[in-house]
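Thanks for sending this one over. Here are some notes to read with the structure open beside you.

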Amino acid sequence: EKFAMTETVKIFDTTLRDGEQSPGCTMNLKEKLQVARQLEKLNADIIEAGFAASSKGDFTSIEEISKIVTNATVAGLSRLVENDIDLSFDALKNAQNPRLHLFIATSPIHMRYKLKMSPDEVLSSIENSVKYAKTKFSDIEFSAEDATRSEFDFLIRALNTAIKAGATTINIPDTVGYSTPLEFSAFISKILENLVSPEKITLSVHCHNDLGLATANSLAAVKSGARQVECTINGIGERAGNAAMEEIVMALNVRNNFYNAKTGINTQFIVPSSRTVSAVTGSVVQPNKAIVGKNAFLHEAGIHQHGVMENKATYEIMTPEEVGYKEQQLILGKHSGRHAFENWLTENNHVVTKEEEKELFKKFKQLCDKKKTITERDLEALVQNKISVGEEKYKLKRFVINVGNTITSTAVLTVSAGGKDVEDVAIGDGPVDASFKAIEKIAGVTPELDDYNIRSITQGVDSLGEALVRLKYNGRYFKGRGLSTDVIEASIFAYIDAVNKLEAVISKEGTENEN
Ligand code: KIV
Ligand code: ZN
């Protein structure tokens, strides 16, 4: 009988590039570094850190991420132009294992309308650019954008040109999420049959979720021989998103008997990573989302609960613990000292400055006064909240709100603005609206409220509330988070946090324009 060897599938994470690229998911440098650290804990094989030529910010992110990542390969995206390749090379100069990710579209519609290039021009561009890149990089990935809508013979010519010129990974993106599992599986097999030297390269797939098939298509490709999967945490990304890392990893884990393939991901960091990405992007995970949704391991029906009590495997194909859910227990409390708190931070690999630690400890003590039991989840939320705070021009001092069902809500806020206390009052449709308007008056800006969410971090009436605010101003997004046992206060914190970020960007651009 044939003995099936377990194959290894590399995880190429693009949360910081394709994920970050989607509207409302932008991250600042500090947030990106926080995600990169999380990706290292997960043991992702490749971390795509950005697209150096797209902006100065992206260039710097790749540069800084390269400095802190020790195990994973760090990839930079690049078009087939020398300037892009040179910029990627500079941005990746500190990476232990740098990878250049080159891409060009190969479908008729993209070549004609977007690139305005003939197929022959595309082929020579691939040859010249990969050869040029090879003088600077040994690890080169080539992506044929919109591969699933490309003419097959032309696609193969493009891929073989890239291989002959020195590409070491060949990526097949389903850029618009058009493919379906059976079709994609056959497509991958046929590509492997037609490559000049399939044994010398790693075949990769990159699936988008427009039809909700990104995970299914990626897995179908693995079954056909793909050995790298590109994905993002929580499946964030352009439009309907990318394939979700947690789904790919757990499917290969739970159904190893079917796929005979595994990844090197440390699954116990899946849930913490999902929370980090959700916190820094402000994009909330749907409750019924596989693996990382709030309800993913809840058993509601009586029959199910009974089954699970008798034997967990009746309704659980994996355990919540193996993906990183922890028993919510009291770990630190009112009487815990600074030392115990520091220990908790170190044990959980939270990197914070001395200043931040002092601030966090103060907040922890304040929380102890308001909440009966402090769980691990509360502490995690505190730390994540602190880390996502940028430059702070405005700080809340006090607020008084008058609410009632027969009166107009009035909010009076005192905010320290650059060290000086400023007070203003506003009326609004409810306490949150009134408070937001008062902040706008104080800061002298009127952004559009693009998104507003409030959720509880833990259970119970004294649970911590987390507010997420996303503002739109001059076509750009600014997000803020706020944490408090009082949801109105959490909302005010979140709004001020977003306004601070907006303020930081505007004032920086102001000085840049003056120069
Ligand atoms: O979806 C896509 O085609 C991409 C490429 C740049 C790989 O993101
Ligand atoms: Zn993509």
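Leaving aside its neighbours within four places in sequence, which residues is glutamate 20 in contact with?

1. Let me take that question first, with the reminder that this is a predicted model. Beyond its neighbours within four places in sequence, glutamate 20 is in contact with Thr15, Cys25, Thr26, Met27, Lys32 and Asp58. You will find glutamate 20 in the loop between H1 and helix H2 (29-42). Its relative accessibility is 10%, so glutamate 20 counts as buried; the cut-off for that word is under 20%.

2. Next, have a look at the metal. The zinc ion (ligand 2) is coordinated at 2.0 to 2.1 Å by Asp18 (OD), His206 (NE2) and His208 (NE2). Along the chain, these donors follow the spacing D-x187-H-x1-H. Because aspartate 18 lies in helix H1 (residues 15-19) and histidine 206 in strand S8 (residues 202-207), the pair ties together parts that are 188 residues apart in sequence. Both aspartate 18 and histidine 206 are buried.

3. Finally, a helix pair. Helix H7 (residues 152-165) and helix H8 (residues 181-194) have axes that come within 10 Å and cross at roughly 50°, which means that H7 is oblique to H8. The crossing of H7 past H8 is right-handed. On the H7 side, the contact is made by Phe152, Leu155, Ile156, Leu159 and Asn160, and on the H8 side by Phe187, Lys190, Ile191 and Asn194. Sorted by class, the contact of H7 with H8 has six nonpolar, two polar and one charged residues.

Methods. Residues are numbered from 1 along each chain as its sequence is written. Chains are lettered from A and ligands numbered from 1 in the order in which they are written. This is a predicted model: local features need pLDDT of at least 70, side-chain atom pairs count only at pLDDT 80 or more; totals for chains, interfaces and linings use all residues. Side-chain values use heavy atoms; hydrogens and water are left out. Axes are lines fitted to C-alpha atoms, for helices over the stretch in contact, and angles run from 0 to 180 degrees between N-to-C directions. Helices (H or I, at least four residues) and strands (E, at least two) are DSSP runs, numbered from the N terminus. Angles under 35 degrees count as roughly parallel, over 145 as roughly antiparallel, 65 to 115 as roughly perpendicular and the rest as oblique. A crossing is left-handed if the near helix is turned anticlockwise from the far one by less than a right angle, and right-handed if clockwise. Contact means heavy atoms within 4.5 Å. Ala, Val, Leu, Ile, Met, Phe, Trp, Tyr, Cys and Pro count as nonpolar, Asp, Glu, Lys and Arg as charged, and the others, Gly among them, as polar. Donors are N, O and S atoms within 2.8 Å of the metal (3.2 Å for Na, K and Ca); water is not among the atoms, so sites may look incomplete. Buried means under 20% relative accessible area, exposed over 50%, partly exposed in between (1.4 Å probe, protein chains only).
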